[in-house]
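Colleague: I would like to learn how to read salt bridges in a model. Could we work through some cases?

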Number of protein chains: 2
Amino acid sequence: MFFEGSEKKAEVFVDPKQLSLLTDISDDFWAALVHCCNARILSSMHNRECKAFLLSESSLFVWADRFVILTCGETQLVKSLEYFIREIGTDKLVHLTYQRKNEYFSHAQPSCFGDDIKLLSHYVDGKALRFGEMDSHHNYVFHQDNAFKASPAHKTYELLAYQISPLASQKLTTPGLTAAQIREFLQLDRLLPGFTLDDFVFQPYGYSVNAIYKHNYLTIHITPQANSSYVSVESNLNLIERAPLILEILQPASFDLLSFNEFDFAQQTAQFIPDIYISKSLVKETLSNNYQVYFANYILPQNSFSRATQIDVAGDNHAL
Amino acid sequence: MFFEGSEKKAEVFVDPKQLSLLTDISDDFWAALVHCCNARILSSMHNRECKAFLLSESSLFVWADRFVILTCGETQLVKSLEYFIREIGTDKLVHLTYQRKNEYFSHAQPSCFGDDIKLLSHYVDGKALRFGEMDSHHNYVFHQDNAFKASPAHKTYELLAYQISPLASQKLTTPGLTAAQIREFLQLDRLLPGFTLDDFVFQPYGYSVNAIYKHNYLTIHITPQANSSYVSVESNLNLIERAPLILEILQPASFDLLSFNEFDFAQQTAQFIPDIYISKSLVKETLSNNYQVYFANYILPQNSFSRATQIDVAGDNHAL
């Protein structure tokens, strides 16, 4: 069974003098927004600084002045952004960033990045860039091109792991696995001490967790099945420092690191990324909105031959 | 400007006692067959053992007992195979193999591999496999599952190069470049001594060449534009031995090697592939039709950061 784990992601800032997304916006609004991209809210939690919604396809985090949404599968996230802009109005919108990574099966998607930025361009002027090569892992970033300048202190990180170890894949596809067992496997107590967690185990497999502590957040989404396994970790905590633990648990054959405003990316990756991984792509760019973006893809060199993967000719292979 | 260079490929054997593809089949038939996948014949040449057609999208080679066809762009090669099977009849068909590599922009294609094998399965029973990982370069192979056993002497090779050097890309996109200049750049006299050549320079750029000598063939197709550059070389000559010269000319950041019935693949790649390339994928499988297939993907490690690639938001980005 194939599931497209690859996410689209958006970050939207509003003017806090005009609007607080925490106190002025109801949960019904977020439910409607999420519905626009064909996802739904499974559960939510909050503290004084942040609300976190676990979605049928990934996650939504809301602070007073901004929200971050990630959706996977065949959702069309730009439809949710369109809803937000139409409902709230561009006058209260301070800045919008929309990001989309290359998919495993792009032809099964309702739109491509080119379609998405065409739609967004009806509402905001923007620029677009690609991080990573076309024939390899890459991420597209569209960002509004206006007076907004990101604070250097506003940092986010993504660690996207592909082809997790057979052991990890087998463990995470075990029938009847509980959320507690997955938390233990992921060592979330070590990774996220003091955080409040909200998680969900999908059937027949798949796992999502949101974690918040004060204004900090971290979210993990797992598509564990062999042949198309994918685990995304996204946070405003430093994931380069935490990469050794995450990589030890998942042992992916390949992973991407993305950071926004981590100015010490090069030094930190040299320090924390295990030597067994080879850097295949390295991209650095400062956007006109003042985000310094780094993208790196790492691979494990192969030294022995594996077998080919059998495909069931009679099966449903529309995604191939 | 984007062009999908990635090929679909088929090899079809017929029963030489019932039919010679060289003497019993007219050029009009091949023109009609090629038309079925939305390509057309540009030119042709032949010797006593082989006919070679240069197509608007890649190439067709015909011997008495078999043909090999490669088509790129948005062609739907299975439609040509369907035409062949319907016209010739399955009783004269000895064996069919259909191959498709992952595309840069799969969502711009009229069908996916799953659709293709569903269509072929209406006519022949077959098996399918994937060589290479889903999140990386990979090749799908569908082959008829019948009594046919490939001769160990029947060897074919593919070298697929991605992200050729900026210098090679610049040279090959030079306005007004002639076929003679491209032959010289590719050092075809060194690569193919004694071969007869038939080539074509596409506008604004792009190049195809067929080469034949007795029963031997080699074909090169070049999509030279930076950001999505792709060069395919396919032959029954040993391309592993010839890889050093090809890699020296193109200097790709990544390439695939595929071989059918090259039993010394491991030793030869150890001998001929330059050490600067790291093997990212290594797959070996013996098919039930007796083809031993090897697939390898190699990359150049990156040590310095490059800039992101700008995308024209107002442009035609449907392929992104």
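Colleague: Which residue forms a salt bridge with Asp65(B), and how far apart are the closest N and O atoms?

Modeller: Bear in mind that this is a predicted model. A salt bridge is called when a side-chain nitrogen of Lys or Arg lies within 4 Å of a carboxyl oxygen of Asp or Glu. Here the partner of Asp65(B) is Arg66(B), and the closest N and O atoms are 3.7 Å apart. Asp65(B) is partly exposed at 26% relative accessibility, while Arg66(B) is buried at 10%.

Colleague: Which residues are joined into one network by salt bridges that share partners?

Modeller: Lys9(A), Glu158(A) and Glu234(A) are linked in that way. Over all chains, the structure holds 18 salt bridges.

Colleague: Where do Glu82(A) and Arg86(A) sit relative to each other?

Modeller: Both belong to helix H2 (residues 77–88) of chain A; they are four residues apart, so about one helical turn separates them. Glu82(A) is buried, with a relative accessible area of 15%, whereas Arg86(A) is exposed at 60%.

Colleague: Which residue forms a salt bridge with Glu285(A)?

Modeller: Arg307(B) does, with the closest N and O atoms 2.5 Å apart. This pair joins two chains, because Arg307(B) lies in the loop between strands E16 (292–299) and E17 (309–311) of chain B, and Glu285(A) lies in strand E15 (residues 278–286) of chain A.

Colleague: Is Glu285(A) buried or exposed?

Modeller: Glu285(A) is buried, since its relative accessibility is 5% and the cut-off for buried is under 20%. Arg307(B), at 59%, is exposed.

Definitions and conventions. Residues are numbered from 1 along each chain as its sequence is written. Chains are lettered from A and ligands numbered from 1 in the order in which they are written. This is a predicted model: local features need pLDDT of at least 70, side-chain atom pairs count only at pLDDT 80 or more; totals for chains, interfaces and linings use all residues. Side-chain values use heavy atoms; hydrogens and water are left out. Buried means under 20% relative accessible area, exposed over 50%, partly exposed in between (1.4 Å probe, protein chains only).
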